Amino acid sequence: ARNRELLLSELPKAGLDKIAPVDGAFYLYADVGNFTNDAVVFCHNMLEQIGVAATPGNDFDQINGASFVRFSFAGSTDDMVEACRRIKIWLSEKP
């Protein structure tokens, strides 16, 4: 629950403020359309550039998923804090 609340609080500060309702799962489904129209490339670049892994929405929705990313909050709270910090910096540097 703590990690869920952390991501719900911190991801909007990074510009990821369109998040689907979280109904008991261990992940958030966030709209990254303000940054990309290719979630696969977005997730690849995020992993390569800042070491944060997420799953592209294409894996869950082949029609509209290219603008969404699934972020798991099943890790440790320290990992969630660090991931949010890295994401905020990374997205703030995007044009």
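A residue counts as buried when its relative accessible area is under 20%, as exposed when that area is over 50%, and as partly exposed in between. The exercises below apply this to a predicted model.

**Exercise 1.** Classify Arg-4 as buried, exposed or partly exposed, and do likewise for Glu-5, its salt-bridge partner.

*Solution.* Begin with the pair itself: Arg-4 and Glu-5 form a salt bridge in which the closest N and O atoms are 2.6 Å apart. Next, take the relative accessible area of Arg-4, which is 25%, so this residue is partly exposed. Finally, Glu-5 has a relative accessible area of 44% and is therefore partly exposed.

**Exercise 2.** Work out how Glu-82 is placed relative to Arg-85 and to Arg-86, and which salt bridges link them.

*Solution.* Glu-82 and Arg-85 both belong to helix α3 (residues 77-92), where they are three residues apart, about one turn of the helix; their salt bridge has its closest N and O atoms 2.6 Å apart. Arg-86 also forms a salt bridge with Glu-82, at 2.9 Å between the closest N and O atoms, and because these two residues are four apart in helix α3, about one helical turn separates them. As for accessibility, Glu-82 is partly exposed at 28%, Arg-85 is partly exposed at 42%, and Arg-86 is partly exposed at 31%.

**Exercise 3.** Describe the order of the elements in the protein chain and decide how compact the chain is.

*Solution.* From the N terminus, the elements follow the order α-β-α-β-β-α. The radius of gyration is 12 Å, close to the 12 Å that the globule rule gives for 95 residues, so the chain is as compact as a globular protein of that length.

Definitions and conventions
Residues are numbered from 1 along each chain as its sequence is written. This is a predicted model: local features need pLDDT of at least 70, side-chain atom pairs count only at pLDDT 80 or more; totals for chains, interfaces and linings use all residues. Side-chain values use heavy atoms; hydrogens and water are left out. The radius of gyration is taken over C-alpha atoms; the globule rule is 2.2 Å times the number of residues to the power 0.38. A salt bridge is a side-chain nitrogen of Lys or Arg within 4 Å of a carboxyl oxygen of Asp or Glu. Buried means under 20% relative accessible area, exposed over 50%, partly exposed in between (1.4 Å probe, protein chains only).
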